[in-house]
Amino acid sequence: MSDKPKPMKFPPKAFQLDPDGENLIDSAHGKSYWRSYDQLANSPEFQTFLENEFPPGTMDLPNKLSRKKFLSLMGASIALAGLTACRRPVEKIIPYVNAPEEIIPGVSKNYASTMPFGTNALGIVVETHEGRPTKIEGNPLHSSSMGSANAFMQASILNLYDPDRSQAPSRKGYEVRWEDFTAFWNEQLTAFDAVAGEGLSLLSSAFASPTLFRLKTEFLSKFPKATWTVFDPVSDERIYQGIELASRQKLQPVHHFESAAIVLSLDSDFLFLDSNNVANSRRFSQARRIMSEKDSMNRLYAVESGFTVTGAMADHRLKVPSAQIMNFTIELAKELQNLGIPVEVDLPTSSLTVGRDHITWIKALAVDLATHKSKSIVLAGYRQPAEVHALVFAINDALRNNGKTITCYHPEHTANSSVTEYQKLVDDLGKGSVKTLVILGGNPAYTANENGEFLKGLNRVEHTIHFTDRENETAQNCEWHLPVSHFMESWGDAVSFDGTLSVIQPMIAPLFDSHSLTEIYSLLSTGELTPGFDLVQSTWREKLISGNFEQVWHHVLHDGVFSGSNYQAVRPALKNKNIFTKSEISEQNLPGLECVFIPSSSLWDGEFSNNSWLMENPDPVTKVAWDNVAVMSHSTAAKYHLKNKEIAKFTADGKSISCPVWILPGQADSTVTFSLGYGRTASGRIGNKVGVNAYKFKPLDSDIRQGVRVTGTGRFQIIACTQDHHGLDADKLAADAIHKRLPAILREASLDEYRLNPGFVKEVVEEPDLFSLWKDKSYDKGFQWGMSVDLNVCTGCNACSIACQSENNIPVVGKDQVERGREMAWIRLDRYFSGDLEDPEMVFQPIACQHCEMAPCEQVCPVTATVHTDEGLNAMVYNRCVGTRYCANNCPYKVRRYNFYNFTKDLPEIVKIAQNPDVTVRFRGVMEKCTFCVQRINQEKLRAKNNHQDLKDGDIVTACQQTCPTDAIVFGNINDPDSRISKLKKQNRDYALLGELNVRPRTTYMAKIRNQNSALNKNHFEKHIQ
Amino acid sequence: MSLLNHIPKQSADAPLDIAVPMFEDAPLISGNQSFASVTNRIAGVVEGPTPKMWWVLFSFSVSLLMVLVGSVGFLVWEGTGIWGLNNPVGWGWAIVNFVFWVGIGHAGTLISAVLHLFRQKWRTSINRFAEAMTIFAVICALLFPTIHVGRVWVLYWFFPIPNQMSMWPNFRSPLLWDVFAVSIYFTVSLLFWYVGLVPDIATLRDRAKTRAKKIIYGILSLGWRGANRHWRHYELGYLILAGLSTPLVLSVHSVVSTDFATSIVPGWHTTIFPPYFVAGAIFSGFAMVMTLAIIARKAFHMEDFITINHLEKMAKIIMVTGLMVGYAYSMEFFISWYSGNEFEKFAFINRAFGPYAWAYWIMISCNVIIPQMFWSKKLRTNVAVLFVLSIFVNIGMWFERFVIIASSLSRDYLPSSWDYYSPTIWDISTLIGSFGLFFTLFLLFLRFLPMISMAEIKGVLPQANPHHTMYDKPGVAHQSR
Amino acid sequence: MPIIAGTAGIVATIVVVFGVNYFGSPKFTDTGYRPVQPVPYSHKLHAGDLGMDCRYCHTAVEIGAKATVPPTQTCMNCHVLCLPESEKLLPINQSWAEKKPMEWIRIHKIPDYAFFDHSAHIIRGVGCTTCHGRIDQMEVVMQVQPLSMGWCLDCHRNPDMFLRPLNEITKMDWIPPENQLLLAQQYKIDRNINPPTDCTACHR
Amino acid sequence: MLAEFSDPAALLHGAEKIHCEGYTRFDCHSPFPVHGMDEAMGLTRSPLGYIVFVFGLLGAIGGFFLQTWVHTKAYPLTYAGKPYFSWQAFIIVTFGLMVLAGALSSVLGLFHLSKLPRLFDGLFYSERFAKVSDDGFFISVDVKDPRFDCTETHRFLESIGAINIEVIKSE
């Protein structure tokens, strides 16, 4: 946002009680308070705890809960001391004892930091108020976030304030102190010193961090016989294996979509769920965005089994069961060889029979690739076996993409997940050869407990020690449970795919009695707790920074990245011709269904399962929230006589799972897609007992299970879906209406059509000449805010709606309310299908308040609670609203959200802290909606005015715009002809949704263009369905 | 104010039997009543002992009233979330009930005012409790918009009261027009009703036995002495009130209809609404009067005053307005088709064949098809049939409002936000409860006030006319007493 | 008689309406609010007699939304030297010793849904006394203005009488000069003052 | 002095006669308005109409100006891009307030003109007079009437067909 990221030498004290934050732990009353929340809710400790420790506002009356109070004098708290005064309750102002220079109460500060995600590092900028992180944004200087953030990054702030995180260490369920553990561990160390670590096993999640890597190596050098296994349920292991198989090198590929004209995605969701998706989206959109019919744009081919966000973006999508992607790739390679592209691999014979016209499809695709040598990308998803990745590497090599559009790096400081090693560990556990097992993060009991072997083994281990943020399924089966700090409470460092180094700096002192992974790693080898800050600094001082350390370090902290630290790109050659061991790949049409397991778009692998924002965030494709479903195609459902929402029983290899069916067009026939991460039992108040645990059915070493039988149970489950897909029900009436309207609602053409007729957008609906019966108010002076959404690059990834939720304190309402159509999202992503029912195209349209100049909602409000400002904002004044809901009825876009209940009433105190102090928290019975982030507008205007500057275009950035990974949303002053927004609105693709109503929305959309291969072209104005 | 100019002439020497030809047959009051007998019969009801039946009915409706109190209490405590409302459908049963009750509230003033202006003497037998019904119906109507808002406690913001925020209501909002129209309608109806009551209360005062009654009725009757120097102002004042209420009664439901007509929701946004709503209001209003009249005349043996002939006349009006409503339904379809507007077209096709088709066809059969039975004189004059039919009409008219509101809102412009609306137990209990409120008030009225205007009845007895032939030969008059 | 009744009725309603919205308004309920503070801190002494500048304690008033109540630290800057023993100062010393924050009682308060920014007003030249009154004459601070929405709007609609030279912002005894209206016009141009009356100016 | 008559007709003729006789401070009482009575008693038309007209007009004008003031002066806010002064939208409330003012004035006015409420009146001392609201028809002559003379008037009333005449002394 406004002020540049600032460096931060020490974690700001969230608890100002104690200037030299030694006994933070005691002062936090962590244990007593959180253990027995209810009893203590009104106890004196609790009061003082809140007054002194927590920023104010947490003590407000539930129905008038207001984050603004956070801003109250000196950023200290207000406690309602009851109605002692006759006229109004006495409020206390509690200033600091001595104030930290850094913090000006009420003025937010931004700090650069890093969010470690698997083996990647995502650069972030964190907005803090009085040392309290409230909002995460992408760091523009960082190569893997490039200023954007995805839903997970946005929502990770809520994990910090998760009341279900464990508050203190425990042993066998009894609460203990860290000192107890260090004592215990030192005994262990001495014991294992003798045997060089024999019988000591460590299991950690994958990571990419110089310091952690250093500590790991130190540990292993200290205990050579100890084993250190790295495992994650969702990992890119096979990608690395594949590349290694082909090039004999361990490499990390990074794709430069910005310079690729043709992209072929083989079962890969690189825009949404596969690794590095933020950078991928940003780069992809750069080659996708067009400013006029003269520009050229990239072309995306997607081959996949289930509909993904990537598939929705594709210009040509072919649905192929995941297990047959290999056959497809081989076919493609052969076709390329026929075209004289030297794919130097001995290809086994194979056959493929999917789709109606896949032969022509492959031919056309091959030609396209062949004609775009070194300007194309072929990539496969992590679910595919190593052979596919090896072949893909070979193809890219043959197309001379390697080194051009794809760069590869030797990853350092990185520990990658390995299933085989994990299986070996499980065997060892079973054998009982492991005396002490240390689990560093991760939750194998939930994610990797195939046939219960892991837990069985665990019981045979003498000492089990589990470091994690909460008492999860694994922790419950371990002797020791030790809380790990959230990354925003810890010092650390991380390295991104391309080797960019960055530091993780804490925004707040640990809220509970926990320690950072860095500290824990060093504790394991040294036996004592060293401050994370020192550990990280020593790593950087010794290994990374040469020259003036202090200066560089300062810059690294300030910018959030160590500029110029990225790896040298290597230029690997194809070293291995016979990738395929088998000489014949049979057409893998096993009887029964193919089940594909993907990480949940909301909960990832389960890590975010207690995150209410994500939980309520509907899946972009199915639009289902608060559940995971078995997605299958119409004909598959019909074949097995399954109905939508019917609970079906899937069985294979003696395993079975019962999951509600969700019928979705575009799913490859006889394939079913399950989302992982649901069905947790020890996640917390949000995540427990939601959905089905698909890990129970997933093979440990694969994400695909074949030969699955399914039977309907006749029982149905209530599914909270934010967008009914009428067209699919027998409701022909609705279906017809929708495909009549869709071309006008979501305007779309192929690139050729667009070039043929640049003005097509205006011709879709014939608008009557729009005039009004009165003299219109003129908005020609001062700032006139407007927004433009480029549907051509919007992927529908939901990041905007989570960013909005975080910025605007939007409440979570729960499954029941969502199911009753009362979700509160200010910006929602409408999803439509077009084309035929079995093989449709999918399109997304983000819809927030359109800020109509002639807003129908304003006209009808009896109490002037919603009026128009001179800057063209449709102002919603919560505190004036009586709640007639007339405005919502009269809104043609249905973007107004109503507080049917007091949704923030039952929010745990600690969660309230996550809320934005600059935005009123709405009370019961009032309407709310998108405000164009008016708080940001006001702040920026004030800042400019106070500094006697003019407001520049781009100074004001709305939350959705800021986070959008494809930069699809642009906001600005339409009154300034040179502003980006007014340039966009001048484009011929620009159109107003429902413009024919003459409401004159300030938000306009830019039509979607699909760059279709003329060889495979489809007419775009054909039958639409939703 | 052109009304005033022609008033004196008319009021002075209007021939008694000016009544429109269709009503000439059959005397207005049967059973050869005299002034005294009229008084005895009607005032008798109030003075006589309380019938058991009354207690039964009263306790029943009071218990319903308790249901209302309960549901409203819970509503205010919990929030509007307890109702079935959702995002596309912001208005549900509450507003349906509001429009329904306002509609019913039309008959009373219409009968008293409009028929009075047209000098329809037959109104005298039914206008009193029709007016009472109006007032109680409007009370029920006012209840719903009040409780359906999210924050009842700031409802006073609807009224232009100077305040420290220096904020004012938005006079452009149809909802505000509504507030004014309905509350004013309520006030005027109340005045109208009371003015009409004064002479009869005087009667009760003069006949009162106990001191308490003497005092209460005494105060209420304001010392009415039946002096002609009262009557002359009284008659004119009453006429003026009628003159004022007539445009008012027509405007109220037109204003209510603007809530829908001025908005842009497909299926609401139609110019036909005002006349169509008014017709519907009269339709339902008369149906309700019919229902109550039949109950009342049975319960208190008022057959002589509320003759079958009165009922038939109402039946005819119901049939006529029913046809108007039916015409409006067909016109809506025609216009939406003729407009060529995709959204409008769909709105109505969706009404008839979409998820709310069931409600739509209930509406059609109750409001259009069933009233056609009134073509036959036989059914028209059969009290039982009339009673059943009138109830059907009431049901039908409730569904009309439900169809208009629910079906239009549930599927408007963007298919992405379409959603189905279904009520919860609390919606239902509130509706039932409102009937409790209505009947409680109505029963109290029947018990403590003359349900038929004695003064007016006497006024239309033949012997009330000093120029009547019976007074030409002496003696006849004496017989008549 | 009815005329009397009628007029009486009308008068009664008017009386009730105005009565309620006077006695219910902050003008009546909040102005004059003067709670007893834990420390008998005298603004009269410090700001008045000693003539300390407001900004010595209320540091952030020019840069932030909040004027900020000073931390104990600020008191101790002087009071380690000057009357450290005074028993009036006991709570302060205690707070300093125990590192326990002071609990002052809040006087000027606007609702949570209204967002006020001190810097915006100070930098435009609206002085302290305009809203807070003659603090320098208050032994115990009290609220002198209603701080009601109507009151805010009055000034936002016509700020002329309340704009000062920027160097006299904290001047307690400032009174508008004769040519104030003229000066105001100039200030408005120089400082680009156009006070918003949009809802979103304060409510978001 | 109170004289009862047999029926409306008798009352009417009685009224005519006593009016011709030159009595002024007399009144006829009947359970319902008797037609032609005003002429018989030589009463002019009620002025109520004008009162109502004036008040109705005031109501309308006041209402319209209130709305105009609110939307153009008090706090001019923009709704749906419409002009501040959009009179079309003000009509309904204006009309409503006109009706309200009219109705109130007409009711208050009619009671004012007929000197009501008057809870205690000499006539109520008469037993028979209770019939007035049932089926009694009376003529009352006030003592203050210049032509009033106890015996004269008594005889005269008898002559015009009054039955049972009584003298009420309201002290």
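Buried means under 20% relative accessible area and exposed means over 50%, with partly exposed in between (1.4 Å probe, protein chains only). Helices (H or I, at least four residues) and strands (E, at least two) are DSSP runs, numbered from the N terminus. Everything below is read off a predicted model, where local features need pLDDT of at least 70, side-chain atom pairs count only at pLDDT 80 or more, and totals for chains, interfaces and linings use all residues. Residues are numbered from 1 along each chain as its sequence is written, chains are lettered from A and ligands numbered from 1 in the order in which they are written, and side-chain values use heavy atoms, with hydrogens and water left out.

**Exercise 1. Positive phi away from glycine**

Step 1. Recall the background: most residues other than glycine have a negative phi.

Step 2. Take Trp604(A), whose phi is positive at about 55° although it is not a glycine.

**Exercise 2. Salt bridges inside chain A**

Step 1. Start with the rule: a salt bridge is a side-chain nitrogen of Lys or Arg within 4 Å of a carboxyl oxygen of Asp or Glu. Over all chains the count comes to 60 salt bridges.

Step 2. Check Arg936(A) and Glu137(A), whose closest N and O atoms are 2.8 Å apart. Arg936(A) is in helix α30 (residues 934-946) and Glu137(A) in strand β4 (residues 132-138), so the pair ties together parts 799 residues apart in sequence. Both Arg936(A) and Glu137(A) are buried.

Step 3. Widen the view: Lys135(A), Glu137(A), Glu807(A) and Arg936(A) are linked in a network of salt bridges.

Step 4. Now try Glu748(A) and Arg1010(A), with closest N and O atoms 2.7 Å apart. This pair links strand β33 (residues 748-750), which holds Glu748(A), to strand β44 (residues 1008-1010), which holds Arg1010(A), 262 residues apart. Glu748(A) and Arg1010(A) are buried too.

**Exercise 3. Chain B against chain A**

Describe the contact between chain B and chain A by residues and by area.

Step 1. Contact means heavy atoms within 4.5 Å, and here it takes 62 residues from chain B and 56 residues from chain A.

Step 2. Buried area is the accessible area (1.4 Å probe) that two parts lose on being put together, summed over both. Chains B and A bury about 4700 Å² between them, 55% of it on carbon and sulfur atoms. Asn87(B), Arg151(B) and Leu414(B) supply 15% of the area that chain B buries against chain A, more than any other three residues.

Step 3. Count the salt bridges between chain B and chain A: two. Lys894(A) forms a salt bridge with Asp412(B), with closest N and O atoms 2.9 Å apart.

**Exercise 4. Chain C against chain D**

How many residues does each of chain C and chain D bring to their contact, and how many salt bridges are there between them?

Step 1. Chain C brings eight residues and chain D seven residues.

Step 2. The area buried between chain C and chain D is about 670 Å², with 70% from carbon and sulfur atoms.

Step 3. The salt-bridge count between chain C and chain D is zero.
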